[in-house]
Amino acid sequence: MKFKTLAKFLNKIENTPSRLEMTAVLADLFKQSQKDEIDKVCYLSLGRLAPKYEGIEFNLAEKMMVRIIARSTKFEEKEVLAAFKEIGDLGDVIKRFKKTKDDFNLSVSDVFEMLFKIAQDSGTGSQERKIKKMAELLEKLDSLSAKYIARIPVNRLRLGFSDMTVLDALSWMENQDKSLRPELERAFNVLADVGKIAFVFKTKGIKGIKKIKSEVGIPIRAALAERLKKPEEILEKMDGQCALEPKMDGFRCQIHFDRSKKFKLKDETNLSLFENKEKYFVRIFSRNLDNTTHMFPEIIKAVQKLKVDNAILDGEAIAFDPQTKKFLSFQETVQRKRKHGILEKAIEVPLKVFVFDILYLNNKPLLNMTFKQRRTLLEKILNKSKGEEKAIILTRQIIVKKPNEFNQFFEKVVSEELEGLMAKKLDAVYQAGNRNFNWVKYKVGMQSDLADTIDCVVMGYYKGKGKRTNFGIGAFLVGIVDKNKFLTVSKIGIGLTDKQWREIHKRCQKLKTYKKPKEYQVNKNINPDVWCKPGLIVEIEADTITRSPIHTAKLALRFPRLKRFRDDKSLNETTKKNELERLLKS
Ligand code: ATP
């Protein structure tokens, strides 16, 4: 397929308000794509070059893109910048400045290869080379193609659809309806690479999709927990008995290990310090499927010692104090999420992973086994190794049948200063990518009016008055994601420490944008001083949820306050509107 053709499709999608029509256009695009390019078409239309977990990023700021556009169109940088401030979208800016070229004939694969090379360039002088190569590429393209390409390196393609719409469109391509979506979604949940799913579907049809199983190295979408307020209700939902485990408050780690493959870490020094001679394949994925492997050298080291050929483990990583041996708070654990100074931090704040599930073992996916069977296998593997000294620990578990046993265990974990507990249904399979009552979280504070915290996106902020002038921020506007729109739920101006005000201001600076993003739906009376692009996710505590005539989610949080920053969540993982409705009613 010519890139020009892809650009026409993207343009059609962008100008289609109806979701159904958008799916039909995507389906048509997939139909016209060749087998060997459908994965690239998927990634490019989602504004990427690979699945997110591959971590292929351009690292080009909007300012750089302004320079690139100026260079490729031969206009002055200040003219391009002025247009950007006026229009607010780099794609539309280049379209305005660029003269259309009809002789350009690069294919999707050609453009993809060029972009891939640019993104992968690193080291000394790479920024300058990226600018040069990107400008050369844009120069070769017609104005419509350039419009879409200019948005990709700055993460602003956002055509308003997600991996899930791609799955709908694949079904549509075959059956002109969504009937194949459940089977495609099942495959995607266990093998979260939408390009690979599209390739299998295009080459082998639904039969091929039915055969898709999880593979070591490709993330499985995490199973998620529901919330209930009473132990009695939880036991009833779980048919009278359940497993209880302490709920550790760190970050989710899905650990993939394979002894038959060799492994190269980005920064070799990480491993040398941990005196690790063996280097078998390890990949660690976060809750939202980012590849976080390089952040955890001690887990890489510990996993090498497991007496298995290969495995996928699910667990929670939490930092501890080597002197007192006490586990640390989330705020302290989160210091381990970093790109630089990894080794120093690993020594200062070591981690342990509490493994609570096993999803794959010795070439066999285990997702369809019951939790009880999986737990037996997990105990066999982890009990062989010596407990507390290691970085990988089997999560404690008890089985209960009565509410008073439930309450006793809850009191015990609370006395240990843990967050609460997880109740799990013993005969449930692992439902990848699903939030349901197979797992129920029961946390301190959940017995109050509002049964859980809310994860929101920061959409903009207000400059501070009085003391807050020093912070540069006095309140911020938060919202939730609803399909491809962002709806507001609260303005938050209290409950932050000075440190949190400074931190949120710093984070907002990286996201500030000249115009209100077009996917934001905001009441005309709500006008933050500065708009932020979607990217900063915060966990908010509130007293209750109320109906609201002002906020576009039609619901608002009462007495909202910032609990913490949620870098481990993606935009699609903010609290859903129907979850808010349920919290309102519970
Ligand atoms: P969610 O993941 O449900 O969207 P969240 O990220 O805000 O919500 P919580 O609601 O606090 O997290 O609870 C779910 C998370 O708890 C899991 O994703 C996992 O990271 C963590 N967790 C800690 N201990 C356990 C355990 N024993 N079993 C399962 N998950 C656990």
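This section describes the ligand site, salt bridges and aromatic pairs of a predicted model.

The ligand site was examined first. The shell around the ligand holds 18 residues. Lys247, Arg287, Glu316, Arg435 and Lys441 are the closest of these. By class, the shell residues comprise twelve charged and six nonpolar, with no polar residue. The side chain of Lys247 places a polar atom 2.7 Å from a ligand oxygen atom. On the backbone, a polar atom of Pro246 is 3.3 Å from a nitrogen atom of the ligand. A backbone N or O atom of Met248 is likewise placed 3.2 Å from a ligand nitrogen atom. The ligand taken alone exposes 600 Å², and the protein buries 95% of that area. Strand β11 provides the largest share, with four residues.

Strand β11 also takes part in contacts between side chains. One of these is a salt bridge between Glu419 and Lys443, with an N to O distance of 3.8 Å. Lys443 belongs to β11, whereas Glu419 sits in the loop between α19 (403-415) and β10, so the bridge ties together parts 24 residues apart in sequence. Glu419 and Lys443 are both buried.

Salt bridges in the structure number 46 in total. Lys518 and Glu14 form one of them, with 3.5 Å between the closest N and O atoms. This bridge links distant parts of the chain, 504 residues apart. Glu14 is in helix α1 (residues 3-14). Lys518 is in the loop between β15 (512-513) and β16 (520-521). The relative accessibility of Lys518 is 61%, over the 50% limit, so the residue counts as exposed. Lys518 and Glu14 also belong to a network of salt bridges. Asp89, Asp92, Lys147 and Arg151 are the other members of that network.

Another salt bridge joins Glu539 and Lys563, at 3.9 Å from N to O. Here two strands are involved: Glu539 lies in β18 (residues 537-541) and Lys563 in β21 (residues 561-565), so parts 24 residues apart in sequence are tied together. The two partners fall into separate accessibility classes. Glu539 has a relative accessible area of 2% and is therefore buried.

Aromatic contacts were treated next. A pair of aromatic rings is described by the distance of the centres and the angle of the planes. The count of aromatic pairs comes to 13. In the pair of Phe356 and Trp439, the ring centres are 5.7 Å apart and the planes stand at 85 degrees, so the geometry is edge-to-face. Phe356 is located in strand β6 (residues 351-361) and Trp439 in strand β11, so the pair ties together parts 83 residues apart in sequence. Phe356 has a relative accessible area of 11% and is buried. Trp439 also counts as buried, at 8% relative accessibility.

Phe486 and Tyr520 form a tilted pair, with 5.3 Å from centre to centre and 50 degrees between the planes. Strand β14 (residues 485-492) carries Phe486, and strand β16 carries Tyr520. The two residues are 34 residues apart, and their pair links distant parts of the chain. The relative accessible area of Phe486 is 1%, so this residue is buried. Tyr520 is buried as well, with a relative accessible area of 3%. Elsewhere, ring pairs connect Phe320, Phe327 and Phe354 into a cluster.

A further buried position is Arg374, where the relative accessible area is 1%. Arg374 belongs to helix α18 (residues 371-383). Between the C-alpha atoms of Arg374 and Asp290 the separation is 25 Å, and these residues are 84 residues apart along the chain.

How values were computed. Residues are numbered from 1 along each chain as its sequence is written. This is a predicted model: local features need pLDDT of at least 70, side-chain atom pairs count only at pLDDT 80 or more; totals for chains, interfaces and linings use all residues. Side-chain values use heavy atoms; hydrogens and water are left out. A residue is near a molecule or strand if one of its heavy atoms lies within 4 Å of it. A polar contact is a pair of N or O atoms within 3.5 Å; within protein, one must be able to donate a hydrogen and the other to accept it, and residues adjacent in sequence count only if both atoms are side-chain atoms. Accessible areas come from the Shrake-Rupley method with a 1.4 Å probe; for residues, only the protein chains shown count as cover. Ala, Val, Leu, Ile, Met, Phe, Trp, Tyr, Cys and Pro count as nonpolar, Asp, Glu, Lys and Arg as charged, and the others, Gly among them, as polar. A salt bridge is a side-chain nitrogen of Lys or Arg within 4 Å of a carboxyl oxygen of Asp or Glu. Buried means under 20% relative accessible area, exposed over 50%, partly exposed in between (1.4 Å probe, protein chains only). Rings of Phe, Tyr and Trp (its six-membered ring) pair if their centres lie within 6.5 Å; planes under 30 degrees apart count as stacked, over 60 as edge-to-face and the rest as tilted.
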